[in-house]
Amino acid sequence: MWPDRRLLDLFKTEFPIVQAPMAGAIDTDLVIAASQGGALGSLPCAMLSVEKAREQISIIRQRVSAPVNMNFFCHKAVDADPNREAQWKQRLAPYYKELGLDPATPINAANRAPFDAAMCELVEELKPEVVSFQFGLPDPALLKRAKAAGCIVMSSATIVKEAIWLEENGADVIIAQGAEAGGHRGMFLTENIAEQPGTFALVPQVVDAVKVPVIAAGGIADGRGIAAAFALGAAGVQIGSAYLRCPESKVIAPARAALAQALDDSTVITNVMTGRPARAVINRVMREVGPISPDAPAFPHAATGLAPLKQASERLGKVDFTNLWAGQAIRLGREMPAAELTRALAGAALARLSQMAG
Ligand SMILES: Cc1cc2nc3c(=O)[nH]c(=O)nc-3n(C[C@H](O)[C@H](O)[C@H](O)COP(=O)(O)O)c2cc1C
């Protein structure tokens with residue numbers, strides 16, 4: 001038996017496991033499979049248009065009757081600064097040259113947009129059971145509308161102060177995202193990467209600070225990690241990296257190979273891929289330009305200058321400029337279908353929890 005049933009009652013899923021939204025790395029296939037396996041499936045919408053998000057939710061709804069989470073970014077959008085863009089292009093110029101690309105060619109690459117009125121209308125139309133946000137919460141008027149549509153609201157906290165802010169500003173569930181986590185740091189009240197606590201330290205302190213249920217995220221990839229999260233007071237877990245090697249993920253073959261070879265010390269936090277700190281398996285541009293660079297333009301504009309390099313390099317079967325978002329427990333991930341993986345994770349966690357109780 002799960003020691004805490006609050007999320008099961010709230011989400012009405014079989015397991016208190018959230019399959020993490022992972023923009024660019026997964027779409028409907030993995031969401032469907034993870035929810036068929038008993039997790040809360042999360043569709044990353046940060047890089048989708050309204051039309052594409054509607055289409056993807058419709059595919060999910062046709063295939064599963066389980067609840068669904070739509071995930072958005074809610075950073076403050078800033079216009080690209082032409083000076084910084086030019087500086088960044090200059091920094092990347094040797095790579096453009098190497099790959100035979102003209103740095104002067106305008107770039108028209110899809111990038112990450114914050115949750116806005118149009119997406120909010122879509123949420124009102126589709127009424128997902130859950131919406132989750134990264135980088136705080138959206139404008140209060142939009143948040144109110146999402147809540148009025150009946151959505152349970154979740155967001156990530158990377159320090160206790162953020163967890164308290166999220167609770168005070170309307171989050172129904174808080175995801176405590178430890179420094180081990182793959183992908184972007186959800187930080188929004190701090191910019192200091194060096195101060196970010198790990199999951200083991202963060203979860204119990206967040207649990208003590210708020211009344212809403214807390215989901216542990218970061219470095220959890222097997223039954224032991226899930227059981228530990230419950231021991232620390234979490235009501236559930238959000239798991240990202242462990243799903244990346246599932247056949248349903250959209251990770252391209254050379255990136256899959258890099259993830260398969262990654263060890264406990266293969267990831268670092270970098271800002272060069274998008275302009276915001278994120279944890280990834282180190283690649284060439286992170287090693288040579290970063291992992292942290294003051295030249296990287298503000299989020300998400302750093303990704304724009306990299307887009308042509310990524311495309312050209314991937315055509316050669318390389319991931320020198322590709323986001324290899326992954327957490328410190330990437331090595332524990334297994335190559336198995338996501339439904340099976342979800343059930344295996346839940347089964348192993350329940351076995352471990354009953355051992356601990358007995
Ligand atoms: C490939 C990848 C992409 C991610 N993209 C998102 C995203 O779009 N939205 C979000 O809220 N979190 C995103 N995250 C962070 C996850 O929600 C979660 O915090 C993290 O995966 C937990 O740590 P773990 O990777 O060690 O399981 C991403 C993580 C990864 C690994």
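Let's start at glutamine 177: an N or O atom in its side chain sits 3.1 Å from an oxygen atom of the ligand. That is a polar contact, meaning a pair of N or O atoms within 3.5 Å. Keep in mind that this is a predicted model, where local features need pLDDT of at least 70, side-chain atom pairs count only at pLDDT 80 or more, and totals for chains, interfaces and linings use all residues. Residues are numbered from 1 along each chain as its sequence is written, and side-chain values use heavy atoms, with hydrogens and water left out.

Glutamine 238 also reaches the ligand, with a side-chain N or O atom 2.8 Å from a ligand oxygen. Glycine 218 uses a backbone N or O atom instead, 3.4 Å from an oxygen of the ligand. How much of the ligand's accessible area does the protein cover? The protein covers 97% of the 590 Å² that the ligand has on its own, by the Shrake-Rupley method with a 1.4 Å probe.

Now, the domains. The chain splits into domain 1 (6-75 + 112-252 + 329-357) and domain 2 (78-110 + 263-325), with bounds from an automatic or database domain assignment. Their C-alpha centres lie 26 Å apart. Each side brings 18 residues to the contact, which is defined as heavy atoms within 4.5 Å.

The term needs a side-chain nitrogen of Lys or Arg within 4 Å of a carboxyl oxygen of Asp or Glu. The count between the two domains is 1 salt bridge.

Definitions and conventions. A polar contact is a pair of N or O atoms within 3.5 Å; within protein, one must be able to donate a hydrogen and the other to accept it, and residues adjacent in sequence count only if both atoms are side-chain atoms.
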